[in-house]
Amino acid sequence: QVQLVESGGGLVQAGGSLRLSCAASGSIFMIDAMGWYRQAPGKQRELVALFPIDGGSTNYADSVKGRFTISRDHAKNTVYLQMNSLKPEDTAVYYCHARNKIAYATDYWGKGTLVTVSS
């Protein structure tokens, strides 16, 4: 099992910045990618950013390209999402995600952290 704990959400004005953190623990060897998803009220959960653990390009949603940056501290097993130039439409619950390397197995999710951007 892999445990994911997010932190860093909150209320920010439009144009501001926030940094989310996700600390992973447990059987880290079971995952091959980590990233962030978000779910706004009344909408489906959507990918924000995802990167492969063993290298390769990061995948960003078009709506956040140039504003959000995902990074990782390997020693701390922590993934960060730096969010700049925030917009009201970025308001959502943000979930840390770890993809199971076993095909068709259940992926891992954090409980989520709320980001609210006021206009």
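1. Ground rules. Please keep in mind that this is a predicted model, in which local features need pLDDT of at least 70, side-chain atom pairs count only at pLDDT 80 or more, and totals for chains, interfaces and linings use all residues. Residues are numbered from 1 along each chain as its sequence is written, and side-chain values use heavy atoms, with hydrogens and water left out.

2. Secondary structure. The chain has eleven strands and zero helices, where strands (E, at least two residues) and helices (H or I, at least four) are DSSP runs numbered from the N terminus. Read from the N terminus, the order of elements is β-β-β-β-β-β-β-β-β-β-β. The chain is as compact as a globular protein of its length, because its radius of gyration is 14 Å, close to the 14 Å from the globule rule for 119 residues. That radius is taken over C-alpha atoms, and the rule is 2.2 Å times the number of residues to the power 0.38.

3. Overall dimensions and surface. The C-alpha trace spans about 40 × 25 × 25 Å along its principal axes. Of the 119 residues, 40% are buried; here buried means under 20% relative accessible area, exposed over 50%, and partly exposed in between, with a 1.4 Å probe and protein chains only.

4. Contacts along the sequence. A contact means heavy atoms within 4.5 Å. Among the contacts with a separation of 6 or more, 55% are between residues 24 or more positions apart.

5. The core. Which residues have the most contacts inside the largest nonpolar core? They are Leu4, Met34, Trp36, Leu81, Met83 and Tyr94, in a core of 30 residues. Two or more core residues come from each of β1 (2–7), β3 (18–26), β4 (31–39), β5 (46–52), β7 (68–73), β8 (78–83), β9 (92–100) and β11 (113–118). A nonpolar core here is a set of buried Ala, Val, Leu, Ile, Met, Phe, Trp, Tyr and Cys residues joined through side-chain atoms within 4.5 Å. As background, nonpolar side chains tend to be buried together in soluble globular proteins.

6. Methionine 83, with neighbours within four places in sequence set aside, is in contact with Gly16, Ser17, Leu18, Leu20, Arg67, Phe68, Tyr94 and Val115. Valine 79 lies in strand β8 and is buried, at 0% relative accessibility. Not counting residues up to four places away, valine 79 touches Leu20, Ser21, Cys22, Met34, Trp36, Phe51, Ile70, Ser71 and Arg72.

7. Strand β1. Is valine 5 buried or exposed? Valine 5, in strand β1, counts as exposed because its relative accessibility is 54%. Beyond residues up to four places away, valine 5 touches Ser21, Cys22 and Ala23. The C-alpha atoms of valine 5 and serine 21 are separated by 8.0 Å, and the two residues are 16 apart along the chain.

8. Loops on either side of β3. Glycine 15 sits in the loop between β2 (10–13) and β3 and is exposed, with a relative accessible area of 55%. Serine 27, in the loop between β3 and β4, counts as buried at 18% relative accessibility; setting aside residues up to four places away, serine 27 touches Gln1 and Val2.

9. Backbone angles to check. Most residues other than glycine have a negative phi. Asparagine 77 has a positive phi near 50°; this asparagine is in the loop between β7 and β8 and is partly exposed at 27% relative accessibility. Serine 85 also has a positive phi, near 50°, and lies in the loop between β8 and β9, partly exposed at 41% relative accessibility.
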